[in-house]
Amino acid sequence: MQEIADDRLAAAGVRLLLQRDDLRHPELPGGKWRKLKHNLDAAGGRPILTFGGAWSNHIRATAFLGHERGFPTIGVIRGEERPTPVLASAAQHGMTLRYVTRGEYRAKDVAPLRDEFGDFHLVPEGGANAYGVRGCAELPAEIDEDFDVFCCAAGTGTMLAGVASALRPGQRAIGFSVLKGGAFLRDDVARLQESAGAPSRNWSIETEFHFGGYARRTPALDAFLDDFRVRHDVVLDRVYEAKMMYGLFELAARREITGTVVALLA
Ligand SMILES: Cc1ncc(COP(=O)(O)O)c(C=O)c1O
C-alpha cells in the first residue's frame, strides 16, 4: 500500500492509498493472478482455453501461468497473426495460438474448438467469470487500512464485481469504464456478481472518463499522466490506470468522493 500525498486531494478531504497489485510479477500482475487462480483449480489439470487480442495482457498472463504450473494453454486470438510482444511471450511460454477472424471471435462458438482441442476449461476474455470474481473478492481482506471508497478501472467489470462483493458495510466501490459507452458494464457487473452468488448494491460505474474509447488517449489524459509521474514518481498505465486516476481526481474536485480512497494499480 502506497500513500499518495497530493494537495488537490487533501483540499477535497481525500486520503489516497494505492493498492499495488501491479508489482506482484511482471508477467503475472496481481489482478491477472486473482482472476486466474480459481480458474486454475476449476480446470483440474485440463488445458485452459481463453480468448484475447494480440495485445491482451490476459493472454500473456495465462500463458505464463500455464508454463509456470505445467498445464497446457490455448489462446484464441482475434485477427491475423501479428508480431506483438504479447504473442511472442505467449508462444515462448508454450501457449497454442489459434487465430480466428473478428467475426468468428465475436461468435465465440465453442463447439468447433472442442472438436479441435478436446476437453478444456474455458476462461472468458479478461478472466470474466465467477471464478475470476471470486479471486478478486479476496482483495479487500488484504487491505489493512480502514477505507471508505475503492476505485478501479473497469474493462470487463470482473474486478469491480469481486471487490464490491467483499466490502464491509459503509464501504463502496467505483469502477471507471475504460470503454466508450460503458453503461452496459452495469448489467455485466450485476451478472458477474450473480454468477458468483455474491450480488451487492455498493458499487457504481463512471462512464465519462473513457477518453475516446479503449486504448484511446487525449492530450489532457497524457498531461495528467505526465504530471502524476512528476509529482508522485508513479507511472500509471495509459489504458486503465490513468483513466481511473483522472476520474478519481475529478470526482474529488466535485466533492463526490471524500475520506480514505484505495485505488487499484493492477
Ligand atoms: C490496471 C487495471 N485495472 C483494472 C482492470 C480491470 O479490468 P476488469 O474490469 O476487466 O476486471 C485491469 C484489467 O486488465 C487493469 O489492468
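Me: How far is an oxygen atom of the ligand from an N or O atom in the side chain of Lys35?
Reply: The distance is 2.6 Å, inside the limit for a polar contact with the ligand (a pair of N or O atoms within 3.5 Å). This is a predicted model, where local features need pLDDT of at least 70 and side-chain atom pairs count only at pLDDT 80 or more, while totals for chains, interfaces and linings use all residues. Side-chain values use heavy atoms, without hydrogens and water, and residues are numbered from 1 along each chain as its sequence is written.

Me: And what about Lys32?
Reply: A side-chain N or O atom of Lys32 is 2.7 Å from a ligand oxygen. For Thr156, a polar side-chain atom lies 2.6 Å from an oxygen atom of the ligand.

Me: How much of the ligand's accessible area does the protein cover?
Reply: The protein covers 93% of the 400 Å² that the ligand has on its own, by the Shrake-Rupley method with a 1.4 Å probe.

Me: How many residues surround the ligand?
Reply: 13, counting a residue if one of its heavy atoms lies within 4 Å. Gly155 and Gly157 are among the closest.

Me: Which helices and strand supply at least two residues each?
Reply: Helix H2 (30-43), strand E7 (149-154) and helix H8 (158-165) do. These are DSSP runs numbered from the N terminus, with at least four residues for helices (H or I) and at least two for strands (E).

How values were computed:
A polar contact is a pair of N or O atoms within 3.5 Å; within protein, one must be able to donate a hydrogen and the other to accept it, and residues adjacent in sequence count only if both atoms are side-chain atoms.
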